[in-house]
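Please read these notes with the model open beside you. They go from the chain as a whole to single residues.

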Amino acid sequence: MKAVQAKIIQSKYLSNTNSTSNLHILVDEIPNFKQIIHTVAFDERLQFYYFYARHKGFVNYFISSPKWGESNGEQEFAVWIWCPTCVAKKVFDSACATCSGEKYYSTNIKGVGASNPATMHNYFPPCVNVTLTDSPIVFSRGYTFIAGAVTLEFAQNTIKEFRLPVILIQKASSRNEIEWELSFNQK
Ligand SMILES: [Zn+2]
């Protein structure tokens, strides 16, 4: 995924973050999250599974709980995940029962919920919510974008490359989770 153009839109209505400004990026191609491989973390106390995948700067994340799957009747879908057994045991040269040696496998997920970068940062490398499109027409029109996420590095490089008047600042949320927010560069 490569940034072709980028701009800052200031509106709390167009934003998919708590911030009033949002980074809009036109990219050459948005990866299909169903084809990239997610890493899974589990919170035993909350019974939440955290799914996170990175591919060429693109980030996809969501949470899932077995509890929701039974109650909300949501349609299930398949995602690829890294084999937790292989990752934990580092038995990369021998086949394990879960993935048959492929190191990742496809599994059906149901009971999916939205999350945010601050929560994901408890388990995974930093990412930033942005607004993505791969259509130049949509980019210039300025709406019907896809809310998405990119790696912190991809966001920083995009800001730099297109000389946008913002910086990403790190702040701690009320629950002491780390997040990055766009701030206008005061210089
Ligand atoms: Zn395995």
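What is the mean pLDDT of the protein chain, and what share of its residues reach 70 or more?

1. This is a predicted model, so confidence is discussed before anything else. The mean pLDDT of the protein chain is 85, and 87% of the residues reach 70 or more. Residues 14-18 have pLDDT below 50; this stretch still has ten contacts in the model beyond near neighbours in sequence. Among the elements, helix 5 has the highest mean pLDDT, 97, and helix 1 (residues 66-71) the lowest, 66.

2. The protein chain contains five helices and twelve strands. It has 187 residues, of which 25% count as buried. Of the contacts with a separation of 6 or more, 57% join residues 24 or more positions apart.

3. The largest nonpolar core is made of 29 residues. Ile 25, Val 128, Val 130, Ala 149, Val 150 and Ala 155 have the most contacts inside this core. Elements giving two or more residues to it include strand 2 (21-27), strand 9 (127-133), strand 10 (146-151) and helix 5 (152-161).

4. Ala 149 deserves a look in the viewer. Leaving out residues up to four places away in sequence, Ala 149 touches Val 59, Tyr 61, Pro 117, Cys 127, Val 128, Asn 129 and Val 130.

5. Glu 102 lies in the loop between helix 2 (84-89) and strand 7 (104-109). Why does Glu 102 count as partly exposed? It has 13 other C-beta atoms within 10 Å, and a residue is called exposed at 12 or fewer and buried at 20 or more. The C-alpha atoms of Glu 102 and Trp 82 are separated by 9.1 Å, although these residues are 20 apart along the chain.

Notes:
Residues numbered from 1 in each chain as written. Predicted model: local features only at pLDDT ≥ 70, side-chain atom pairs only at ≥ 80, totals over all residues. Helix = DSSP H or I, 4+ residues; strand = E, 2+ residues; numbered from the N terminus. Contact = placed C-beta atoms within 7 Å. Core = buried A, V, L, I, M, F, W, Y, C linked by C-beta atoms within 7 Å. pLDDT = per-residue confidence, 0-100.
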